[in-house]
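Subject: Structure handover

Hello,

Here is the structure I said I would pass on. My notes follow below it.

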Amino acid sequence: MSDSLARIGIHGAFEGAMAVCENPEMIGRTHFARFLVNSGEVKDVRTVFRKYLTPGKPGYVPHEWTRLADAVGWIVAAGGMAVIAHPGRYDMGRTLTERLILDFKDAGGQGIEVASGSHSLDDMHKYALIAQRYGLLSSAGSDFHAPGEGGRDVGRTDDLPPICQPVWQALQERIIRAPRAA
């Protein structure tokens with residue numbers, strides 16, 4: 001990313017991104033975006049992504065994704081509950097979305113984010129119905145990344161629709177049933 005941005009005259013992007021990254025092993029696009037905003041190159045993070053960090057733009061680097069089954073397996077093996085995050089952001093169409101959900105469930109996935117900072121009210125109701133149809137737990141999140149980015153603050157999200165079975169209730173039940181160490 002840094003080299004690509006340097007080729008169009010934006011120098012010091014790696015160092016600038018590292019300056020806003022708390023964990024250097026987890027540096028990513030958002031850190032480069034923050035650098036570009038902080039340096040005055042663009043006005044906000046949304047503009048950075050549109051202008052520099054999406055396919056075909058100068059700072060874009062393709063993602064290297066792990067296999068779905070591996071990611072779900074790691075989460076479950078660590079004692080977590082695997083949840084599909086903000087599915088409304090994935091422009092896949094109905095058939096591919098259904099395939100994703102079925103593959104996710106087959107791999108041990110347990111939930112889907114219904115209420116999200118990046119979901120409309122229509123999306124929220126759509127994913128509540130999908131969760132119900134596929135027997136998935138529901139989660140809610142603000143999609144918060146940093147102060148001033150996005151429309152929601154940390155922890156601020158819509159309530160889940162009444163038809164949803166919340167992930168946190170299942171987690172609470174798991175904790176209550178867990179054997180206590182002596």
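A residue is called exposed when its relative accessible area is over 50%, buried when that area is under 20%, and partly exposed in between. Please keep in mind that this is a predicted model.

Salt bridges

By the rule used here, there are two salt bridges. One joins the side chains of R67 and D70, with 3.3 Å from N to O. R67 has a relative accessible area of 55%, so R67 is exposed. D70 has a relative accessible area of 28%, so D70 is partly exposed.

In the other salt bridge, the side chains of R99 and D103 meet at 2.9 Å, N to O. Where do R99 and D103 lie in relation to each other? Both are in helix 6, and because they are four residues apart there, about one helical turn separates them. R99 is partly exposed at 41% relative accessible area, and D103 is partly exposed at 32%.

Nonpolar cores

In soluble globular proteins, nonpolar side chains tend to be buried together. In this model, the largest nonpolar core has 17 residues. The residues with the most contacts inside this core are I101, F104, I112, V114, I130 and L136. Which elements give two or more residues to the core? They are helix 6 (93–106), strand 2 (111–116) and helix 7 (121–134). Helix 7 supplies the largest share, six residues.

Leaving aside residues up to four places away in sequence, L136 touches I101, F104, K105, G109, Q110, G111, I112 and A131.

Three strands form an open sheet in the order 1-2-3, and the pairing is parallel. The edge strands are strand 1 (83–84) and strand 3 (137–141), each of which pairs on one side only. Strand 1 pairs with strand 2 in the parallel sense over two bridges. V83 has G111, in strand 2, as its bridge partner.

Helix 7 packs on this sheet and touches strand 2 and strand 3. The direction of helix 7 makes about 160° with that of strand 2.

How many residues of strand 2 are buried? Six of the six are, so strand 2 is largely enclosed by the rest of the structure.

Cysteines and a histidine in helix 3

A disulfide is a covalent bond between the sulfur atoms of two cysteines. The structure holds zero disulfides. C21 is buried, with a relative accessible area of 10%, and C164 is buried as well, at 12%.

C21 also turns up among the neighbours of H31. H31 sits in helix 3 (residues 29–38). Is H31 buried or exposed? Its relative accessible area is 13%, so H31 is buried. Not counting residues up to four places away in sequence, H31 touches A17, V20, C21 and M26.

A backbone angle to look at

Most residues other than glycine have a negative phi. H86 is not a glycine, yet H86 has a positive phi of about 25°. H86 lies in the loop between strand 1 and helix 6. With a relative accessibility of 14%, H86 counts as buried.

An exposed tryptophan

W74 is found in helix 5 (residues 68–77). At 55% relative accessibility, W74 counts as exposed.

Regards

Terms used
Residues numbered from 1 in each chain as written. Predicted model: local features only at pLDDT ≥ 70, side-chain atom pairs only at ≥ 80, totals over all residues. Heavy atoms only, no water. Core = buried A, V, L, I, M, F, W, Y, C linked by side-chain atoms within 4.5 Å. Buried < 20%, exposed > 50% of the residue type's maximum accessible area, 1.4 Å probe, protein only. Contact = heavy atoms within 4.5 Å. Pairing = 2+ DSSP bridges. Axes fitted to C-alpha atoms, helices over the stretch in contact; angles between N-to-C directions. Salt bridge = Lys/Arg side-chain N within 4 Å of Asp/Glu carboxyl O. Disulfide = S-S within 2.5 Å.
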